[in-house]
Amino acid sequence: MTATAPTFRARLYALLRYSDPTPGARQVRVAHLIVLGIGLFAVILLSVDELDGQIRHVLRIVIWTVTFLFLIEYLARLWVAPEAPHYDQDSETGARLRWAVSIQGLIGLLAILPAFMFFGGYGITGSDAASVFCILWIMKVGLHAPAFSTLFRVMSNERAPIASVLILFAILLMMAATAAHIFERVRQPEQFGSLPNAMWWAVVTLTTTGYGDVVPLTLGGRLVGSLLMISGIAVLALMTGVLATGFAQEERRREYLRVWEQVARVPLFASLGVVTLSEIVGKLRTRYYPARITVVRRGDAGDSMFFISSGEVEVRLPNGGSVRLGEGAFFGEMALLERQPRTASVATTKPTTLLVLYASDFYEIASHIPKLAEAVEVEAKRRREENLERQTAGRR
Ligand code: CMP
């Protein structure tokens, strides 16, 4: 019993991990999202006061059921916390405590707070209680968004330009609010009589929202408004540019790490020095393919070559035969070397991870690293001869 318990706990940990790519964990995530969706839907419906008493009763049962499912989930996650690799220095209790105070743990705890309300004898009645559930549960949806951590990192990396744009926003806001206050306060004392009131108009205008509840009437006020609207577009464009560049850079860094982990499996790269390798890694891209997907079609123009970092592909040769290529092999080089259409179709036989090298990068690398170019050329030559041999054997 004691021998099997840790294995079960490790399996459960893998199933509950949000980033686990296995089908089982994916199913658990889908089930979790469905339960969450049902819970949120029930909560939203319950806030409609005109609903029939019978329906409200059913909705309350649904909400309690979802709450108890979340309670079970919380206890399970707490139990499996010591399995997490980043808590392996802690004792079991220490790991659980650290998980409990992590963002994930706190969101989980907040989501089950209503269960304690239930034990305390409270009922869910009006829309107030429903809105509490809504706020607590909607946070759980965020746990399913893998890009959240990227977002935080981008915000942290780009904090200096973001701060500059925000400061620019504040300067424009205060200048426009003060100018509008000076021009408009006599004609519209209620809307522009004080700086906070004028600032409300400035925020609505600067963000290009334009509710239209407060409108400048004097010529000066309108001029300020026009300038503010144009500045608003510029400030938003700046912010978009900063965030988009930050995301692209972060993605490139992650891709670099992903590729770095994969290149070790390709023998062709194994003998290269770190500097040469880092140049190639920067140019490779990872692509995941499920089984039975055609990666390269015979006769198509060739714009890239591929290295197999895991999985297997089948090369369907023109004479009807086929060759299987496994981890570490490469394909798609013949079209690049001979600048001709693809000589064969290549499809995955099982889930496969490929490293893609685009033609322009291939030619650049080939000119820098003759050893690599030579190895690829030798293999291409061997394949060409093999295909010719097969073709002539087929004709005979
Ligand atoms: P390309 O012609 O660009 O696209 C199809 C690819 O299949 C080809 O490059 C080679 O990489 C690969 N290929 C062709 N013939 C053989 C072979 N006999 N053995 C292994 N791979 C091959």
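Contact here means heavy atoms within 4.5 Å. Helices (H or I, at least four residues) and strands (E, at least two) are DSSP runs, numbered from the N terminus. The structure is a predicted model, in which local features need pLDDT of at least 70, side-chain atom pairs count only at pLDDT 80 or more, and totals for chains, interfaces and linings use all residues. Residues are numbered from 1 along each chain as its sequence is written, and side-chain values use heavy atoms, with hydrogens and water left out.

Four strands make up an open sheet, with antiparallel pairing and the order β1-β8-β3-β6. Its edge strands are β1 (285-289) and β6, each of which pairs on one side only. Two strands count as paired if DSSP finds at least two bridges between them. In general, strands of a sheet pair through backbone hydrogen bonds, either parallel or antiparallel.

Strand β3 spans residues 304-310. This strand is mostly covered, with seven of its seven residues buried (buried is under 20% relative accessible area, exposed over 50%, partly exposed in between; 1.4 Å probe, protein chains only). Six bridges link β3 to strand β8 (residues 352-358) in the antiparallel sense. Here Ser310 stands opposite Thr353 of β8. Towards strand β6 (residues 330-331), β3 forms two bridges, again antiparallel. Phe307 faces Phe330 of β6 in this pairing. Strand β8 also runs antiparallel to β1, joined by five bridges. Tyr289 has Thr352 in β8 as its bridge partner.

Two helices lie across the sheet strands. Helix α15 (residues 359-368) lies across β3 and β8 and runs at about 70° to β8. Axes are lines fitted to C-alpha atoms, for helices over the stretch in contact, and angles run from 0 to 180 degrees between N-to-C directions.

A nonpolar surface patch covers about 810 Å². Among its residues are Leu33, Leu106, Phe119, Ile138 and Val141. Patch residues have over 30% relative accessible area and no salt bridge, with nonpolar side chains (Val, Leu, Ile, Met, Phe, Trp, Tyr) joined within 5 Å and like charges within 9 Å. Areas come from the Shrake-Rupley method with a 1.4 Å probe; for residues, only the protein chains shown count as cover. A salt bridge is a side-chain nitrogen of Lys or Arg within 4 Å of a carboxyl oxygen of Asp or Glu. Helices α5 (103-119) and α6 (127-142) each give two or more residues to the patch. The largest share, six residues, comes from α5. Phe116 belongs to helix α5. Phe116 counts as partly exposed because its relative accessibility is 45%.
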